[in-house]
Amino acid sequence: MATIHHENVTHRRHIIHPTDGVVTFQEEIVRSVVARRLLAGLRIVLGFTFLWPFLDKLFGLGYMTPAAKSWIHGG
C-alpha cells in the first residue's frame, strides 16, 4: 500500500472541476412553461398523496383508519 507524504501533496496542482462556480437555474433545466407547470402540479399531487394517509392515521377520518384507532385517540 502506497503512502502519500506531505511534501508530495503540496506539489500537486489543484484539480479544477467543470462544475465549480456554476449556478443552474430552474429555467435552464426545464425550458417549456407547460412542462414546468405540469411538474409543479405533479409535485402538489405527490405531496397530497403522502399528506392524506398521515392525516387519516392521525385523526381517524374513516377512509382507511376508523376514528377509534386514530393516533389522537391512542390507537
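This is a predicted model: local features need pLDDT of at least 70, side-chain atom pairs count only at pLDDT 80 or more; totals for chains, interfaces and linings use all residues.
Local features require pLDDT of at least 70 and side-chain atom pairs pLDDT 80 or more, whereas totals for chains, interfaces and linings use all residues. Residues are numbered from 1 along each chain as its sequence is written, and side-chain values use heavy atoms, without hydrogens and water.

Biologist: Which pattern does the protein chain follow along the sequence?

Modeller: Helices (H or I, at least four residues) and strands (E, at least two) are DSSP runs, numbered from the N terminus. The chain has three helices and zero strands. Read along the sequence, the pattern is α-α-α.

Biologist: How far apart are the end C-alpha atoms of residues 38–55?

Modeller: The unreviewed UniProt entry places a "transmembrane region" at these residues, 38–55; such annotations may be inferred rather than shown by experiment. The span is 100% helix and 0% strand. Its end C-alpha atoms are separated by 26 Å.

Biologist: Is leucine 55 buried, partly exposed or exposed?

Modeller: Leucine 55 belongs to helix α3. Buried means under 20% relative accessible area, exposed over 50%, and partly exposed in between (1.4 Å probe, protein chains only). Because its relative accessible area is 27%, leucine 55 is partly exposed.

Biologist: Which residues does leucine 55 contact, leaving aside neighbours within four places in sequence?

Modeller: Contact means heavy atoms within 4.5 Å. With those neighbours set aside, the partners of leucine 55 are Gly60 and Leu61.

Biologist: Why does methionine 64 count as exposed?

Modeller: Methionine 64 lies in the segment after α3 (33–59). Methionine 64 counts as exposed because its relative accessibility is 66%.
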